[in-house]
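Reader: Please present the model under discussion, so that its helix packing and one of its pockets may be examined.

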Amino acid sequence: MARIGVTYEDVQRAIDELLSRGDAPSVQKIREILGTGSFTTISDHLRNWRQQREENRDVPPPRGMPAALQELAEGLWRQAQESANEALRHYREEADRKVEEAQESVADARRQADDARQREAALASHLSGTEQRLEALSAELATSQAQCETLKAAENRVSTRLAEAESLLQRHRDEASRMAQEHQQAMQACEEAHREKLTQEEQRHESAETRLMTLLDQARQERLASEKAAAGREEQLERRLERQESQLQELRARLANEEKHHREVDWARRQAEALAEIRQHEQSLLQARIDEQKRHLEEQVERVRSLEQQLYRCLWQAPKGASEEASDSNKSAGDNRQGDPSDHRL
């Protein structure tokens with residue numbers, strides 16, 4: 001069977017119970033007493049109760065009694081109302097002042113909360129940008145490291161090629177020296193052979209001087225041809241040696257450029273690592289500021305809740321004190337009436 005919703009009478013009984021205990025009525029406390037009901041329904045009934053209470057506050061007593069008693073009752077009612085209003089004026093002024101202070105505190109807390117949310121959004125945006133820049137720097141650092149590895153490998157290859165070129169140059173130099181030595185030995189052997197042949201010819205026949213001179217000229221021509229051929233080979237070797245030295249200079253220049261680029265890449269890598277450390281430190285500072293703003297916001301919210309509770313206590317305890325003073329005034333007036341003989345005559 002479906003349960004019937006909370007009625008106005010249920011809410012009024014719960015309010016009377018809270019007032020009897022000295023607690024200010026609220027939607028949460030009424031629902032705790034009833035144990036059921038939606039917050040919207042309870043809030044509507046509570047608003048109606050407050051409206052009726054305000055409307056019935058200044059209602060005079062009914063007129064179904066004698067004129068003298070009616071006049072006395074009206075006078076007592078006016079006196080009680082004036083006493084209650086006088087007693088309540090201070091509480092109302094104090095309550096109004098506290099309400100204004102609470103409203104200002106709430107507005108200030110809301111402004112601070114808005115500022116905190118804006119700062120938090122700005123910090124989050126800045127943090128996101130910092131993380132993106134950090135990721136870009138990390139990618140650039142990885143690229144630089146890869147380039148550094150590539151340059152190291154290229155440097156190793158250039159060093160190997162340079163060593164091979166120097167070894168080849170040394171072999172060419174050794175070969176040129178060996179060929180020059182062999183040429184010199186061949187020239188010496190040729191001259192010795194020609195001298196032996198000339199000596200033999202002179203010893204064999206003195207009359208063959210013309211033939212000997214011819215042979216000598218041939219030997220000289222052969223020697224000149226040999227020397228020319230040796231000079232040509234030596235020139236070729238010198239040209240090859242110059243080309244090898246030019247290649248060696250070019251390789252050394254390339255090695256110097258690559259070493260310079262390697263130093264620049266290493267410097268950029270160190271700069272990127274230093275910048276990454278700075279970004280990480282800024283990120284930790286931003287996180288600390290965000291935590292501090294959240295803590296400050298929680299303190300402001302707790303302060304607003306405390307002010308709301310004080311406001312409720314001020315609003316609901318003041319009318320209770322005024323009603324007790326009005327009741328005491330009525331009792332005092334009744335006692336005076338019983339002690340006055342003129343009242344008995346009436």
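**Helix packing and a pocket**

Author: The axes of helix 1 (residues 8-20) and helix 3 (residues 39-55) come within 9 Å and cross at roughly 70°. The model is predicted: local features need pLDDT of at least 70, side-chain atom pairs count only at pLDDT 80 or more, and totals for chains, interfaces and linings use all residues. Residues are numbered from 1 along each chain as its sequence is written, and side-chain values use heavy atoms, without hydrogens and water.

Reader: How is helix 1 oriented to helix 3, roughly parallel or roughly perpendicular?

Author: The axes, lines fitted to C-alpha atoms over the stretch in contact, cross at roughly 70°. Angles of 65 to 115 degrees count as roughly perpendicular. Helix 1 is therefore, relative to helix 3, roughly perpendicular.

Reader: Which residues of helix 3 make the contact with helix 1?

Author: Contact means heavy atoms within 4.5 Å. Helix 1 contributes Tyr8, Val11, Gln12, Ile15 and Leu19. From helix 3 come His45, Leu46, Asn48, Trp49 and Gln52.

Reader: Which element gives the most to the lining of the second largest pocket?

Author: A pocket is an open set of points on a 1 Å grid where a 1.4 Å probe fits, with protein on both sides within 12 Å along at least five of seven lines; lining residues have an atom within 4 Å of a point. Of the 18 lining residues, Ala176, Met179, Ala180, Glu234 and Leu237 lie nearest the centre of the second largest pocket. Two or more lining residues come from each of helix 4 (67-204) and helix 5 (209-339). The most, 10 residues, come from helix 4.

Definitions and conventions. Helix = DSSP H or I, 4+ residues; strand = E, 2+ residues; numbered from the N terminus. Axes fitted to C-alpha atoms, helices over the stretch in contact; angles between N-to-C directions. Parallel < 35°, antiparallel > 145°, perpendicular 65-115°, else oblique.
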